[in-house]
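Have the model open as you read.

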Amino acid sequence: MQQPSLLGQTCLFKLKNSFNMKRLLYLLPVLLVLVSCKKFLDTKPADFLSPVNYYSTEAELNTALIGVYDPISNGNSLYGNWIPTYIEACSDESFFARNTQTTDVEVYNFSSNETHIADYWSAFYTGIERANLLIANIQKPAMDSTARNKILAQALFLRAFYYFQLVQSFGDVPLKITPTGSVTQVAIARTPAKDVYAQIVKDMTWAEANLPTSTANGSPSRVSKTIAQGILSRVCLTMAGYPLNDATKYAEALAWAQKVVASGEHNLKVSYDASLTNTAYSQIFINHVQDKYDIKESMWEAEFSGNNTSTYQEAGRIGNQNGIAFTGTFPAGVTDTIGYCYGFLGVTNRLYKLYGAGDLRRDWAIAPYNYNNTTFARNYFAATAIYQRNPGKWRRSYELLLPRHKNNTPTNFPLLRYADVLLMLAEAENQVNGPTTAAYDAINQVRRRGYGVPIGTVNATADLPAGYSKAQFQQAIQDERSRELCFEGLRRNDLVRWGIFVTTLNSVGAEITADPVAPTNFKYAALGGTNVAPRHLLFPIPLSEMSVNKSMTQNPGW
């Protein structure tokens, strides 16, 4: 259920047994209920408990930590659906591929009462409140100090990460670092974005010093030292750009990215399963679909499981809404071969043309075929048929869980990949020192892997041309991030921090309108881009929050 405010939440919760299932903690206005489970922890049944009696043992702290993680793996509100399919639908990479859609966030024609935005706000503040409860009670049990700090580090990092998502999207937001004390305590003013970022950096930096390594964790579902370093690099790059424009943060972004590389914990995936005839790049996303871990490359993931047919709900909709379209009424067993998909995202000609000849990433990121609804065979597109294509990163045909559910998938979603770290390093290095050998080496590793050549060897086809100016190299970074990271929930915030969001989206809309490659029945793809205006640099504060929190103010233009 949708909570009316980020405040007014009391501190009671109930734990239920959930053997061999993921755990999912839903926050209700008066009751926190643990109704599912994460893979990395099992709990025993308990009755209704309050913080006065709870947090008394290390096990109870770890159980509470599950609730702090939970918003990341929410099946709809965040990474399981809303962010990749709706909030990030309209960019220079993709459009919402349903020509009847003329309103809502996916076409940038919405109001402060928009459901996706309200759920996004609510889910992140839910995680923040849970983190605050855990942090406030972290000293209660008698336990090993290293173990305590490990739990505290995760809670601090996650709270900071949730605030990072909020401040990017809404600007000034209420900064709340203590638990809600009363259901009537609902009036909190917005905190300047600069101060929110300062708290984010403070919390993440403490967490980084106390988190275990990715190798020690063994899976990408829990945060690690290098995950914190990588996200800190992202935070600092964001602070260096619009709207703070604090150029001193480029050096900090560079230092954090360098720490990830120096750790030796991660590298680009360069091998693949030859029996599947997939490239190293495609295998990253097949692993997401098949719940296989590769922490060297896919550092942090929003983790989903099952298909929501059991009591505990932990599936998402990755690949079901943002994959290769396959809809209709089919004989039994057909969707077990292909997988039902609404195909809500189309791809832009601009993205398609970014890829050079020989770049193997293009035909995986952008599916070169759809399906015949009668024969169920693949139909490969003509070279000029671009707008008809869907994102192809997460293909349901690779799912191992059978029978395949019509709407729900177990596919994980990447939050941080090592390729992203290398591209952040290249960008920060260029901003601090210009297009140095180190900057070229970082971006060329990513490009070489994309072309299927050895990443440690100079390659005339894959490598960027020598002699770029600082501005040319920055443009190359912007393009490379799109080629490598398209559809991974990063593009909107990248365009905003670069200060080119409105102009880019407007130009894409105009481009599609005039593009002879775009069939008449696909001209609606221009709608979102042409709708974008300066007010869309920030989302509106949800109406549900405005109506309850009388200290809240609305963003300009809303």
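A nonpolar core is a set of buried Ala, Val, Leu, Ile, Met, Phe, Trp, Tyr and Cys residues joined through side-chain atoms within 4.5 Å; buried means under 20% relative accessible area, exposed over 50%, and partly exposed in between, with a 1.4 Å probe and protein chains only. The model is a predicted one, in which local features need pLDDT of at least 70 and side-chain atom pairs count only at pLDDT 80 or more, while totals for chains, interfaces and linings use all residues. Residues are numbered from 1 along each chain as its sequence is written, and side-chain values use heavy atoms, leaving out hydrogens and water.

The largest nonpolar core has 141 residues, and those touching the most other members are Tyr-79, Leu-134, Phe-157, Ile-200 and Trp-300. Helix H4 (residues 145-170) supplies the largest share of this core, 16 residues. Helices (H or I, at least four residues) and strands (E, at least two) are DSSP runs, numbered from the N terminus. Another core lies apart from the largest one; it has nine residues, including Ile-324 and Phe-330. In soluble globular proteins, nonpolar side chains tend to be buried together.

Look next at strand E5 (residues 298-302): five of its five residues are buried, so the strand is largely enclosed by the rest of the structure. E5 pairs with strand E9 (residues 413-417) in the antiparallel sense over four bridges, where pairing requires that DSSP finds at least two bridges between the strands. Glu-301 has Pro-414 in E9 as its bridge partner.

Helix H7 (residues 225-240) is also largely enclosed by the rest of the structure, because 15 of its 16 residues are buried.

Now for two loops. Cys-486 sits between helix H15 (470-485) and helix H16 (491-497), and it counts as buried because its relative accessibility is 0%. Although Cys-486 and Glu-93 are 393 residues apart along the chain, their C-alpha atoms are separated by 6.7 Å. Beyond its neighbours within four places in sequence, Cys-486 is in contact (heavy atoms within 4.5 Å) with residues including Glu-93, Leu-351 and Tyr-355.

Glu-88 belongs to the loop between helix H2 (82-87) and strand E4 (94-96). Which side chain of opposite charge is nearest to Glu-88? That is Arg-492, 5.7 Å away, and the buried Glu-88 has no salt bridge, a term for a side-chain nitrogen of Lys or Arg within 4 Å of a carboxyl oxygen of Asp or Glu.

Key:
Lys, Arg positive; Asp, Glu negative; His and termini not counted.
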